Amino acid sequence: MSTEVTVHVNRGSSDSLEPSVDSVETRGSFDLRLESHGAPAHVHCRLDGGLERIAALETPNYYVEGDGETVVPVRVSAEAIDEPIDGALEVLTGYGAESVVVPVTVGPVPDGVDVDESFAEPRRPDSGPSPTGLDRLLSSNGLDPGTLAIAVLGLVMAAIGTLTAASIGGPVATAAAVVVVAGVVAVLLLLVW
């Protein structure tokens, strides 16, 4: 769950700051969104109290375009936290003339996920239709239906080639039938191995 804090810059008057929340409670990193309402501004951010020990900013100084926004990531190392840590996020503008402080509490990350006991029971297989004789034959020989279909098609091609060669006769037709049968046998051997 991502937490975000918005601070409005120059909303009411020049160099004014207005946070959108009174305080923040989080279990990890969060973003500070600086929204400008008018003139551009230079904003300084800093972390105080316990937050200073467990969190970091990329840089303390930010420039917010006029009527623009800047997102400041606050990276929290919450893995080593055993109990809540209190601190503050301070935002300043106007060379320190205006500032706001947002109290921040970082709680420990939960150790694990609660899992229902029913997940520990093994799944029972669905009682679907019983396998047919063909399914048992295919599974015992390691053949899938696609391989069987190609084998049947190859045998049909070999039979057609042999019958055609027998009806035409001659050495060329016989050689063609031998090539077709040899090709089908080769394909069948490749499918089985």
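1. Helix α3 covers residues 145-168, and at 1.5 Å a residue its 24 residues should span 34 Å; the end C-alpha atoms lie 35 Å apart, which agrees. The expected span is 1.5 Å times one less than the number of residues. Helices (H or I, at least four residues) and strands (E, at least two) are DSSP runs, numbered from the N terminus.

2. The model is predicted: local features need pLDDT of at least 70, side-chain atom pairs count only at pLDDT 80 or more, and totals for chains, interfaces and linings use all residues. Residues are numbered from 1 along each chain as its sequence is written, and side-chain values use heavy atoms, with hydrogens and water left out.

3. Buried residues (under 20% relative accessible area, 1.4 Å probe, protein chains only) in α3 are Thr 147, Ala 151, Gly 154, Ala 158, Gly 161 and Ala 165. An α-helix has 3.6 residues a turn, so residues three or four places apart point the same way. Just after α3, Gly 169 has a positive phi of about 75°.

4. An open sheet of five strands runs in the order β3-β10-β9-β5-β7, with mixed pairing. Strands pair if DSSP finds at least two bridges between them. β3 (24-26) and β7 (61-64) are at the edges with a single partner strand each, so one side of each has no neighbour in the sheet. β3 pairs with β10 (residues 98-106) in the parallel sense over three bridges, and Glu 25 stands opposite Thr 105 in β10.

5. Leu 34 has contacts (heavy atoms within 4.5 Å) with residues including Val 7, Val 43, Tyr 62 and Val 91, not counting residues up to four places away in sequence.

Key. Buried means under 20% relative accessible area, exposed over 50%, partly exposed in between (1.4 Å probe, protein chains only).
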